[in-house]
Amino acid sequence: MNDILDGLRAAFWLVVSLDAELMNISLRSLQVTLTAVVISCAIGIPFGAYLAVQRFRYRRMVISIINALMGLPPVVVGLIVYIMLSRSGPFGVLGLLFTPTAMIIAQIIIITPLITSIAHQAMRELWAEYHDLLISLNTTKWQRIKTLVWDGRRNLLTAGLAGFGRAIGEVGAIMIVGGNIDNVTRVLTTAIALETGKGDFALALGLGFVLIGLSLIVNIAIHSLSRTEREGRW
Amino acid sequence: MPPLYTLSDVTVKRRGRRILGPVNLSIDAGGPTMVIGPNGSGKTSLLRVTYGIERISTGQVTTNGNGDTHAFVFQSPTVLRRTVAENLAYPLRVRGATDINAAVDRWLDRIGLTQQANRAATRLSGGERQKLAIARALICEPQVLFLDEPCANLDGHTTREIEALLATTAHAGTKLIMSTHDMGQARRLADNVIFLLNGAVHETGSATVLSAPTKTPELAAFLKGDIVT
Amino acid sequence: MIRFLMAIFVTLTITAARADDIRVAVTTSFENSGLADLLLPHIAADTGLDVQLLVVGTGQALRLGAAGDVDAVLVHARDAELVYIADGHATHRTPIMYNDFVIIGPQDDPAGIRNALTAADAMATLQTAQAPFVSRGDDSGTHKAERALWADDTAFGPWYRAVGAGMGAALNTASAMDAYIVADRASWLNFRNKGNLTVLFDGDPALFNQYAYLPVTPSKGAVRHDRALRLEAWLLSATARDLINGYKIADTQLFVFNGN
């Protein structure tokens, strides 16, 4: 119990004193995760919508595979990405290993199935509602996807936030492909792992509370943004 | 003039059950055609396969309209989760039309929803939604308008408004193909009639059949208000 | 929107290409001592090298070197190092410094190893008593050293808990379980969760722990061999010697420089 109080105290002092290292790793955490989320949404949302409106032979199997991929252990993803990006691997020439870019790549692989799955679910429900109307209006497939995505944007936001939550707290994959290098690829979660390993639980918990706080801020910010829209027009 | 739609040996089967057919029928241009019959007789299916949004199991539907435009109004109105104005604008945008605002304003006025233009369409009442759906169907000026029991769940006041709108539309030259279970409505609007029973076309003819002797006893019973199976 | 994303992407990839950086894989026991934090700024100032440390287990460090993903490794597993060089992954090994391992256990020492005469005796006592014991279990330098101390390294039972983790994590587990554990002194002194544990046995030459620096063979892709050698030269310099010998925690010298 003492440890938790020490943790809260540590978090408070870190934030209030604008600790330089804390700022550094927090900013990097946000950069890596937000970039990954944006790219994953760009992939997952149209794909989820496409899966909802287009009937094709292996559709059910594709959906099952995507749902199954949500259960990919992040560490395994990290290992695979490491092998791909390693100097002795196929993409070694790109020199991406142990950089934030490698971390972004790993996180994209981890959260895209999640975002696609939630987006698909949202789009499927909306498509059931709009199906007859949009078909009777002779819309093209692309027009249907655009309409579903726009009208269903509130639920798609949930998909994005789910991806964000999963990514911001992830540590296994980015530890392997990033290397937790001080000042280069260290982020909040890997720093927490490091401090825990050193037995400095108070600091680890403190960083943990900062991480939770950051996540809260992002979620609240997104929700209030979407609410003003609701008040204004809906 | 060739008929607008010709159905040859059309059947619709779902899960092994025959819902409609075999149907051999043609629908000509001109005054409103009303499709009548008891619930479950296949009226909805007939409209949907003729329009082309439902798959037929056998047979063929030919459209002889040389590119006639058409629109469909469903029994329970689907509104997009947008404002009323945006709902009206949507079909025009889909076609890439210009000068959308003028058309939208005109139709808002015709259905009396100008004040609600920026309101969420999902907040409209059932009657307002159906009026919106009809306006949205007509805004692209289709040559044929299909309606599947549009007034089924509406009050008398709204029904009257909608019938007035449909009558004007028909007079302006739009072909109406409409199903209904309201015989009064059929009498008010029909030019010709298709009577469906158990998924088959039982009788067709001009609207006079609604008040004069019918060809078949089932239609007579139906018009009297009996339950016909 | 696209431009914003590109800007982020470019910024992040730019950080991947800094002038004069060098990647070195080091063991967790080296990092946990805190010595790295002391040395890195001096290295940067004296040589212009930006040392990027990857703190991983010995096994992983050697693996990274073999793949050419790091330019040098700093480990403490002599036999494995010699095999490594023979296999052609590193050009040579340079001893830099040594410290010692200590046997740690609960204050009240239920197995009674405090007065053992040698490390082997202490470990044999633990084995007979079947005292709860936490092992690194990860094939690291520390793990190999620990295995070498047992009289019979096949007679283990549920009392022997191999956690497969780094030094800090293993110490955390031992602390929570009130178990015995072999650790390097530097990690122990810097460890913040000692709980009920304390050093019960030390001083036996068998507990000698030598750290060596191995530059990775230049034939592996884009390994920056020249920078690895520059770092090696610094690690053998007088500055390095003084810093290493002068590094103390709780008034105890942690490492003894022997790089010559």
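The following legends describe close-up views of a predicted model.

**View 1. Chain B as a whole.**
Chain B contains seven helices and nine strands. Its C-alpha trace spans about 50 × 40 × 35 Å along the principal axes of the chain. A compact globule of 229 residues would have a radius of gyration near 17 Å, and the 18 Å of chain B agrees with that value. Of the 229 residues in chain B, 40% are buried. Among contacts in chain B with a separation of 6 or more, 66% join residues 24 or more positions apart.

**View 2. Packing of helices α4 and α5 of chain B.**
Two packed helices are described by the angle between their axes and the distance between the axes. Helix α4 of chain B covers residues 126-138 and helix α5 of chain B covers residues 156-171; the two pack at an angle of about 10°, with their axes 10 Å apart. Because angles under 35 degrees count as roughly parallel, α4(B) is roughly parallel to α5(B). On the α4(B) side, the residues of this contact are B:G127, B:Q130, B:K131, B:I134 and B:L138. Their partners in α5(B) are B:T158, B:E161, B:I162, B:L165 and B:T169. By residue class, the contact of α4(B) with α5(B) has four nonpolar, four polar and two charged residues.

B:P22 belongs to strand β2 of chain B, which comprises residues 17-27. For context, most peptide bonds are trans.

**View 3. The loop that holds B:D99.**
B:D99 is located in the loop between α2 (84-95) and α3 (100-110) of chain B. Its phi is near 55°, a positive value in a residue other than glycine. Most residues other than glycine have a negative phi. B:D99 counts as exposed because it has 8 C-beta neighbours inside 10 Å, and the limit for an exposed residue is 12 or fewer.

**View 4. The loop that holds C:D139.**
In chain C, the loop between β5 (133-135) and α7 (141-149) contains C:D139. Here, too, a residue other than glycine has a positive phi, with a value near 60°. C:D139 has 17 other C-beta atoms within 10 Å and is therefore partly exposed.

**View 5. The contact of chain A with chain B.**
Twelve residues of chain A are in contact with 14 residues of chain B. On the chain A side, the elements that give two or more residues are α5 (100-136) and α6 (141-151). Helix α5(A) provides the largest share of this side, with six residues. The side of chain A that touches chain B consists of five nonpolar, three polar and four charged residues.

**View 6. The contact of chain A with chain C.**
Here 25 residues of chain A are in contact with 28 residues of chain C. Helices α2 (20-53) and α5 of chain A each supply at least two residues of the side that touches chain C. That side of chain A divides into nine nonpolar, twelve polar and four charged residues.

Definitions and conventions. Residues numbered from 1 in each chain as written. Chains lettered and ligands numbered in written order. Predicted model: local features only at pLDDT ≥ 70, side-chain atom pairs only at ≥ 80, totals over all residues. Contact = placed C-beta atoms within 7 Å. Helix = DSSP H or I, 4+ residues; strand = E, 2+ residues; numbered from the N terminus. Nonpolar A, V, L, I, M, F, W, Y, C, P; charged D, E, K, R; others polar. Axes fitted to C-alpha atoms, helices over the stretch in contact; angles between N-to-C directions. Parallel < 35°, antiparallel > 145°, perpendicular 65-115°, else oblique. Buried ≥ 20, exposed ≤ 12 C-beta atoms within 10 Å, placed from the backbone. Rg over C-alpha atoms; globule rule 2.2 N^0.38 Å.
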